[in-house]
Amino acid sequence: MSDTLLEVTGLAKHYPVREGLILARQVGVVRAVDGVSFTVNRGETLALVGESGCGKSTTARLVLRLIEPSAGTINFEGVNVTRSAGAAQRAMRRRMQIVFQDPYASLNPRLTVADTIAEPMIVHGIGDTASRRKRVEELLGLVGLRPFHAQRYPHEFSGGQRQRIGIARALSVQPDLVVCDEPVSALDVSIQAQVVNLLKDLQRRFGLAYLFIAHDLAVVKHVADRVAVMYLGQIVETARKGDLFTTPRHPYTRALLAAIPHPDPQRRGQVKPLGGDVPSPMNPPPGCRFHTRCPFAQERCRIEAPALRRMADGHEAACHFAETLPPAGLDFSGGLSEIAAKRLALYARALAA
Amino acid sequence: MSAATDASEPIAPPRPGILSRLMREPGAAISLILVVLLVGAAVFAPLLAPTDPYDNDLALSMAPPGSDGLLLGADAQGRDMITRLLYGLRVSLMMGFAAVAIGGGIGALLGFLAAFYRRWLDGPIMRLVDIMLSFPAILVGLAIAAIFGPGIFSVVLALSVATVPLMARIVRGSAMVVMRLDFIEAARATGMSDARLIWRHLAPNCLSAIFVFATLRFGQVILLGSALSFLGLGAQPPVPELGAMASEGRNFLFFAPHIAVVPCVVIFIVVLAFNVLGDALRDALDPRLRV
């Protein structure tokens, strides 16, 4: 399709679990992220979805090297940055930025908005004091704030405004990739719409690529080009957004989509919610990690771990029986709740305005 | 509020300076004035003092306050109490400032490093701090006085050493909380150096803890310094120092209580004023509490 910006292969993060006070010995490993591979193309949005604790945020931080990976490689524009340090690391940091989930914790309360937004430029030696001030005003305008906001402190803003400041900070060094770690989960629905649309706007203007972490499928449906579904530290399915929502191939993806509340009484009884809990990442089940909860699990699933297999163009799923699963009998394309549908309409209206 | 206010026009709210914010609190205002007066008195002691602190007139020995034009009387050697107090304040404040600045500075740095390089430095630094904490300040003072000889230098050194572990613990605790916040990660994601990250993002958010503890410690340090002087390890007679003066007056408590009481009252005022000011400064420095 288009050229690859970020390529992640076999990325893993294992946390050792130690026991004992003085002579701590390792008693196990938490496999927070366990062999994740994906690519993000220039100017595209890849959404990473999954339930909480599946390793989405860890993956985001691994990509940015805020956490050191235990294994795997990260290629940025074809350059391996997995172990880069010093100047190379700084150069990489300029190209990748992050927007956080919690707008209240992600801004330093002691710095004015102007200082917060200008700091990445100072760190990378971009411009002088005057040009940076101009750039800050420009960025504030871009994210829908006003120049006089520059001298204020974060506590004087609402959550949505703070998130805009966080976005302005991320954009100040003109990155190519922005990792959005649940950027709207902490916001009100009406504010979510504004921020999501702002992100889409900025993407169109600057050709940004997003790695968009989310658990909200309504938001994902609105922003993503492609979607990767994570379960217990691994990717179980990746597909273009349309394909994923119409023909999900992995049972877990189906369960996720089916779990969206639907105002259709006909569906009652057709949707079987997943039983059980997510297994501990310290002791993942052998074979397919989903077999403990999968309604279609067979003997093979308990023994052999399925690899991601190509289903169709740009559509991969990690299930032994992806082709032979009984039809879900559900129309996932319209499978958004009334509320979610309303929100989508709201997004669209806000975008048109 | 009025209709004339155009919403699109930025109305820059007047941002009161730190001084005017301090002066709004009556307690803070009084303590600030007191601290300014005390520090001013100490700095300008040579100009303000009516006599020389070492001038003695045994005829005036233990003269009660108000006699012979001596507002606060004279001590056992017949030296003017006001003069001695002014010079004593000078020595005591300098000792307190030096010990809190040196010990607090080193302690804060250790605390930041322990919290920031948690994996590598937290264990070693905190064990060092534990060892330092297990020595009583007086014992450290004795050891240092034995090495360097009694004097103000030894007292400052001993008080600094006694302040380092306390400050390190408090700063480490406060810094660990800050380290978990997203803006630290955001700062790291910009690729800035560790030094800049600590200085610009970590340290300012620990300031209130540092301020509160430093002012609290200032009072304690003055008291501790007085105790060391009392034991003969600090200021050597005839150098005036508030604690030393109080201990000299102890011998005459029944005949001339003012010799001991007056320096103690000054110590009390100094400690109280700095504590109240420290609290007020913490509130004034925190942008979240600005109204």
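# Notebook: chains A and B

**Where the chains meet.** I began with the contact between the two chains. In this predicted model, 17 residues of chain B are in contact with 24 residues of chain A. I then asked which element of chain B gives the largest share of its side. Helix 8 of chain B, residues 182-189, gives six residues. I sorted the side of chain B that touches chain A by class as well. It has nine nonpolar, four polar and four charged residues.

**The eight-stranded sheet of chain A.** Next I traced an open sheet of eight strands in chain A. Its order is 6-7-8-3-9-10-12-11, and the pairing is mixed. Which strands stand at the edges? They are strand 6 (96-99) and strand 11 (309-312) of chain A. Each has a single partner strand, so one side of each has no neighbour in the sheet. On average it is 25 degrees, direction ignored.

Strand 9 (residues 226-231) and strand 10 (residues 234-240) of chain A run antiparallel. Six bridges join them. I followed one residue across: A:A228 has A:T238, in strand 10 of chain A, as its bridge partner.

Helix 1 of chain A, residues 56-63, lies across strand 3 (45-49), strand 7 (177-181), strand 8 (209-214) and strand 9 of chain A. It runs at about 150 degrees to strand 8 of chain A. Helix 5 of chain A, residues 159-171, packs on the sheet too. Helix 5 touches strand 6 and strand 7 of chain A, and its direction makes about 175 degrees with that of strand 6.

**The four-stranded sheet of chain A.** I found another open sheet in chain A, with four strands in the order 2-1-4-5. Here the pairing is antiparallel. Strand 2 (25-41) and strand 5 (79-80) of chain A are at the edges. Each of these has a single partner strand, so one side of each is left without a neighbour in the sheet. Inside the sheet I looked at strand 1 (residues 4-19) and strand 4 (residues 71-76) of chain A, which pair in the antiparallel sense over five bridges. A:A12 stands opposite A:A71 in strand 4 of chain A.

Helix 1 of chain A turned up again here. It packs on this sheet, touching strand 1, strand 2 and strand 4 of chain A. Its direction makes about 115 degrees with that of strand 1 of chain A.

**Helix 1 of chain A itself.** Is this helix mostly covered or uncovered? Helix 1 of chain A is mostly covered, with eight of its eight residues buried. Among them are A:K56 and A:R61. After helix 1 comes A:R65, whose phi is positive, near 60 degrees.

**Helix pairs in chain B.** I moved to helix 4 (residues 81-116) and helix 10 (residues 207-230) of chain B. They pack at an angle of about 135 degrees, and their axes are 9 Å apart. The two helices are therefore oblique to each other. Their crossing is right-handed. Residues of helix 4 of chain B that meet helix 10 include B:S92, B:A99 and B:G104. From helix 10 of chain B, the contact includes B:I210, B:R217 and B:F218. By class, the contact has nine nonpolar, four polar and one charged residue.

Helix 4 of chain B also packs with helix 2 (residues 26-43) of chain B, at about 105 degrees and with axes 8 Å apart. These two are therefore roughly perpendicular to each other. B:L38, B:V39, B:A41 and B:A42 in helix 2 meet B:L86, B:L89, B:R90 and B:L93 in helix 4 of chain B. I counted seven nonpolar, no polar and one charged residue in this contact.

**Two loop residues.** Where is B:L72 found? B:L72 is in the loop between helix 3 (45-48) and helix 4 of chain B. It has 19 other C-beta atoms within 10 Å, and is partly exposed, because buried needs 20 or more. B:L72 touches B:P65, B:M81, B:I82, B:H258 and B:V262, leaving out residues up to four places away in sequence. B:L72 and B:L85 are 13 residues apart in sequence, and their C-alpha atoms are 9.7 Å apart in space.

My last stop was A:Q298, in the loop between helix 9 (251-258) and helix 10 (299-303) of chain A. A:Q298 is exposed, with 12 other C-beta atoms within 10 Å. Its C-alpha atom is separated by 9.5 Å from that of A:H320, 22 residues apart along the chain.

Note on methods:
Residues numbered from 1 in each chain as written. Chains lettered and ligands numbered in written order. Predicted model: local features only at pLDDT ≥ 70, side-chain atom pairs only at ≥ 80, totals over all residues. Contact = placed C-beta atoms within 7 Å. Nonpolar A, V, L, I, M, F, W, Y, C, P; charged D, E, K, R; others polar. Pairing = 2+ DSSP bridges. Axes fitted to C-alpha atoms, helices over the stretch in contact; angles between N-to-C directions. Parallel < 35°, antiparallel > 145°, perpendicular 65-115°, else oblique. Left-handed = near helix turned anticlockwise from the far one by under 90°.
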